[in-house]
Amino acid sequence: SQAVGVLAAIRVGDADQCWISGLSGHECSDLDGIATHTQVGHLPMTQPMTHLFEAPGESREHRVELHDRSLERTTILTGSSAREAFVWRPEGVPEFVVLGFVNRRRHVVRLTPGQTFSMGFTIGATPSLSVPDAPARPH
């Protein structure tokens with residue numbers, strides 16, 4: 001399998017207290033490209049996972065927000081020229097979440113000599129968790 005992408009490993013206080021917004025309506029698949037479901041609402045990070053989320057239609061623009069209740073911070077990632085958002089919460093590593101944007105499989109970038117390709121990636125953070133329909137705090 002071939003892919004091109006940009007990824008960020010983001011330190012969190014406790015991944016169990018994190019969730020991701022911006023993926024609702026995206027088709028979720030595993031790394032083998034097998035679609036599992038369409039994401040509805042926020043994605044809780046309460047268990048290890050590796051998923052790719054393809055936006056509906058032909059969109060190549062993404063905005064994904066990682067909400068970290070334990071650090072009272074929201075990390076915002078935007079990407080362009082990518083078909084899928086990548087989410088990885090490694091098993092046994094509750095202090096990191098990896099997010100990014102990729103092109104793979106039928107959307108892989110193929111260049112001939114002399115061609116170039118550019119992907120956009122921006123990351124920022126805000127100190128608030130102003131998400132009105134955020135999941136309830138775990139007990």
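**Salt bridges in an all-strand chain**

Arg 83 is buried, with a relative accessible area of 2% (buried means under 20% relative accessible area, exposed over 50%, and partly exposed in between, with a 1.4 Å probe and protein chains only). The model is predicted, so local features need pLDDT of at least 70 and side-chain atom pairs count only at pLDDT 80 or more, while totals for chains, interfaces and linings use all residues. Residues are numbered from 1 along each chain as its sequence is written, and side-chain values use heavy atoms, leaving out hydrogens and water.

The protein chain holds 0 helices and 11 strands (DSSP runs numbered from the N terminus: helices are H or I with at least four residues, strands E with at least two). Of its 139 residues, 39% are buried.

The whole structure contains 3 salt bridges, each defined as a side-chain nitrogen of Lys or Arg within 4 Å of a carboxyl oxygen of Asp or Glu. One of them joins Arg 83 to Glu 54, with the closest N and O atoms 2.6 Å apart. Arg 83 sits in the loop between β8 (73–80) and β9, and Glu 54 in strand β6 (residues 49–54), so this pair ties together parts 29 residues apart in sequence. Glu 54 also counts as buried, at 10% relative accessibility.

A salt bridge also links Arg 89 and Asp 16 (2.8 Å, N to O). Because Arg 89 lies in strand β9 (residues 84–89) and Asp 16 in the loop between β1 (3–11) and β2 (18–21), the pair ties together parts 73 residues apart in sequence. Arg 89 is buried at 8% relative accessibility, whereas Asp 16 is partly exposed at 34%.
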